Amino acid sequence: MTDTIVAVLVEHRNHEIAQPTFEALTLARSIGRPVAVWMGQEPPADAVAALGEFGAQEVRVLAIGERARHPKTASAALAAAAGDAALVLVVSTFLTKEIATHLAIATDAGVVVDAAGADMVDGRVEVRQTVFGATWNVRTRINADRAIVAVLPNTTKATPADTAAVAEVVDVVAALPDVRESIDAVVPVAREEGVPLSEAAVVVAGGRGTNGDYTLVRELADVLSGAVGASRDATDEGWISHEHMVGQTGVTVTPALYVACGISGAVHHRGGMQASGTIVAVNIDPDAPIFEIADFGVVGDLNDVLPQAIDALRAHRQG
Amino acid sequence: MRIVVTVKFVPDLQSQRSFTDGTVTRTADDGTMNELDENAVEAALQLKESLPEGEAEVYAITVGGPDAVAAVRKALQLGVDHAVHVCDEAIAGSDVFGTARVLAAAVRQIEKDGPVGLVITGMAALDGLTSMLPTALAAQLDIAQLTLASTLAVADGVATIERHLPDAHETVTAKLPALVSVTDEANKPRYPNFKLIMAARSKPVTTLSLADIGVDRAQVGAMASRTTVIEASPQPPRENRLKVTDTGDGGTHLAQFLIERGLA
Ligand SMILES: Cc1cc2nc3c(=O)[nH]c(=O)nc-3n(C[C@H](O)[C@H](O)[C@H](O)COP(=O)(O)OP(=O)(O)OC[C@H]3O[C@@H](n4cnc5c(N)ncnc54)[C@H](O)[C@@H]3O)c2cc1C
Ligand SMILES: Nc1ncnc2c1ncn2[C@@H]1O[C@H](COP(=O)(O)O)[C@@H](O)[C@H]1O
């Protein structure tokens with residue numbers, strides 16, 4: 001273990017910490033000394049305790065409220081809190097990629113986003129990624145003295161530190177820049193019960209083949225304790241809300257299990273799920289491209305296959 | 001008002017994409033304009049068409065090797081007025097910050113003809129999917145950034161977008177000049193028609209070198225890049241794949257598979 005300080009930007013919503021933050025802290029511990037950076041309202045005590053359990057020795061707090069929604073502002077705040085960090089880890093989202101970009105410009109850091117892992121080799125951060133819809137593995141070295149890495153959820157297994165730290169809360173005051181954009185309206189997206197799609201260990205997704213009825217897809221997701229995903233055609237049809245869309249322009253998911261029901265497996269869709277651990281597909285068309293990447297495929301009507309699978313899995317659970 | 005659209009030359013999504021010497025392989029044969037930049041071009045054209053005739057002009061810019069000209073040619077076929085290709089050996093291997101520096105200098109070059117009100121980009125290039133360039137370019141140009149727009153409206157010198165983030169839908173406004181990145185929800189890109197394809201043939205493409213736009217060679221290219229790909233290997237295909245045809249017990253097989261793998 002080195003003395004390298006690794007700052008981890010905490011993802012939280014309504015004061016609840018998102019699971020990938022603990023994954024990032026676990027990764028940070030393998031590289032150096034983790035400190036957590038918390039932006040928004042003050043963190044509750046149980047959140048501070050949880051960050052300590054995963055090895056954060058400090059929680060540096062920027063009480064900047066809603067201004068954290070502006071990437072440039074958030075970047076200035078993060079710069080103030082992580083000035084001593086050789087590596088800043090964020091959870092890869094559209095917003096954090098923008099924060100990372102501003103931070104890199106302000107600090108001359110090198111950035112890699114959508115990373116699957118990182119380590120320190122000869123004093124330089126090296127990052128693993130899968131690209132081109134998970135058909136290539138790439139290793140990238142960050143040449144700059146400061147590195148920023150945006151990690152995808154589910155790529156490191158979150159484990160508590162052997163010796164939990166009692167995280168010290170440190171208030172950080174940052175000079176915030178003027179912004180040119182004004183956020184005039186924020187309509188929160190109601191959060192569904194259960195794990196968010198991007199963080200779920202199991203995703204059951206339905207496409208055009210569901211014909212708009214998600215009952216079976218939801219039931220299967222339920223019995224597997226997974227989240228529900230969808231293809232673009234399904235969200236375009238309005239069968240399910242946009243937040244469920246998996247793919248290159250939707251959410252990128254890397255669960256241990258991905259079940260595609262009535263999804264053809266277009267390259268845009270595959271780009272967002274192909275790095276999943278095990279892929280299962282149910283499709284009536286034996287030539288559907290999804291079968292090219294499915295570890296287990298059932299050629300059949302999902303209206304026949306899913307009810308039977310759900311019953312068998314329920315029986316297994318109870319048995 | 002001048003509207004600049006950035007278009008990137010990328011390997012076709014449907015082709016076998018690969019790496020050569022640490023950079024994405026790009027050849028004229030299977031290269032094309034980044035699909036999401038079609039949405040950017042469409043947004044620019046719709047905006048122009050909503051204004052009185054002659055009030056707006058649309059420029060497409062690409063930064064890339066000789067083959068990248070195909071990206072701006074495609075934009076011409078879709079109906080943009082002017083095409084700019086920044087091409088210089090020294091650009092090869094640039095990271096997002098180098099590319100943003102070059103694009104910003106090219107936008108400033110266009111500004112010599114008259115003010116640029118909007119720069120419109122795609123939300124991401126489907127080759128690297130970094131989604132970082134729009135932010136980097138806005139920062140370089142020191143203008144407002146309105147990213148991930150699923151709608152765009154411009155009135156009285158103010159641009160308004162809606163964006164759908166996973167946790168919230170936002171409405172964001174900024175005074176022009178501004179950079180807007182658009183998602184594939186923003187519009188339905190048009191197809192080039194025969195007339196436009198013919199007209200595009202006679203439209204010139206302005207080719208600019210780094211010297212033409214006043215960018216120092218040392219600030220771009222592989223040497224200035226803050227990241228280097230040191231290893232790239234194709235992912236081995238998934239092994240031992242199973243496919244069964246449902247003859248009445250497909251669901252049971254599926255459940256068994258999950259149970260055996262410890263996934264249920
Ligand atoms: C720029 C761009 C970005 C895009 N981004 C995304 C993205 O991020 N995510 C995404 O998903 N798409 C994206 N798309 C769209 C993508 O190209 C496909 O059109 C889409 O994924 C297809 O959705 P689908 O598989 O549900 O529908 P289809 O392709 O119509 O497939 C439906 C499948 O269901 C099967 N089926 C029908 N009935 C049954 C039944 N009863 N039982 C079992 N199977 C059945 C059929 O055999 C078929 O294979 C994008 C497109 C573009 C141009
Ligand atoms: N070399 C380039 N030339 C022109 N536009 C680019 C280039 N690279 C990126 N862009 C633009 O930036 C957007 C986002 O790209 P990226 O950040 O690479 O995912 C693309 O949709 C393009 O509009």
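Chain B comes to eight helices and 16 strands, where helices (H or I, at least four residues) and strands (E, at least two) are DSSP runs numbered from the N terminus. Before we go on, a quick note: this is a predicted model, in which local features need pLDDT of at least 70, side-chain atom pairs count only at pLDDT 80 or more, and totals for chains, interfaces and linings use all residues. Residues are numbered from 1 along each chain as its sequence is written, chains are lettered from A and ligands numbered from 1 in the order in which they are written, and side-chain values use heavy atoms, with hydrogens and water left out.

Let's stay with chain B for a moment. What about contacts, that is, heavy atoms within 4.5 Å? Among the contacts in chain B with a separation of 6 or more, 70% are between residues 24 or more positions apart.

Now over to chain A, which has eight helices and 18 strands. Its radius of gyration (taken over C-alpha atoms) is 21 Å, close to the 20 Å that the globule rule gives for 319 residues, so chain A is as compact as a globular protein of that length. That rule is 2.2 Å times the number of residues to the power 0.38. The C-alpha trace of chain A spans about 60 × 45 × 40 Å along its principal axes, and 58% of the 319 residues are buried. For chain A, residues 24 or more positions apart make up 62% of the contacts with a separation of 6 or more.

How is chain A divided? There's domain 1 (5–171) and domain 2 (197–318), with bounds from an automatic or database domain assignment. The contact between them takes 12 residues from domain 1 of chain A and 11 residues from domain 2 of chain A. Their C-alpha centres lie 30 Å apart.

Finally, zoom in on one residue, A:His70. You'll find A:His70 in the loop between β5 (58–62) and α3 (71–81) of chain A. Is A:His70 buried or exposed? With 12% relative accessibility, A:His70 counts as buried. Setting aside its neighbours within four places in sequence, A:His70 touches A:Val179, A:Glu181 and A:Ile183.

How values were computed. Buried means under 20% relative accessible area, exposed over 50%, partly exposed in between (1.4 Å probe, protein chains only). Contact means heavy atoms within 4.5 Å.
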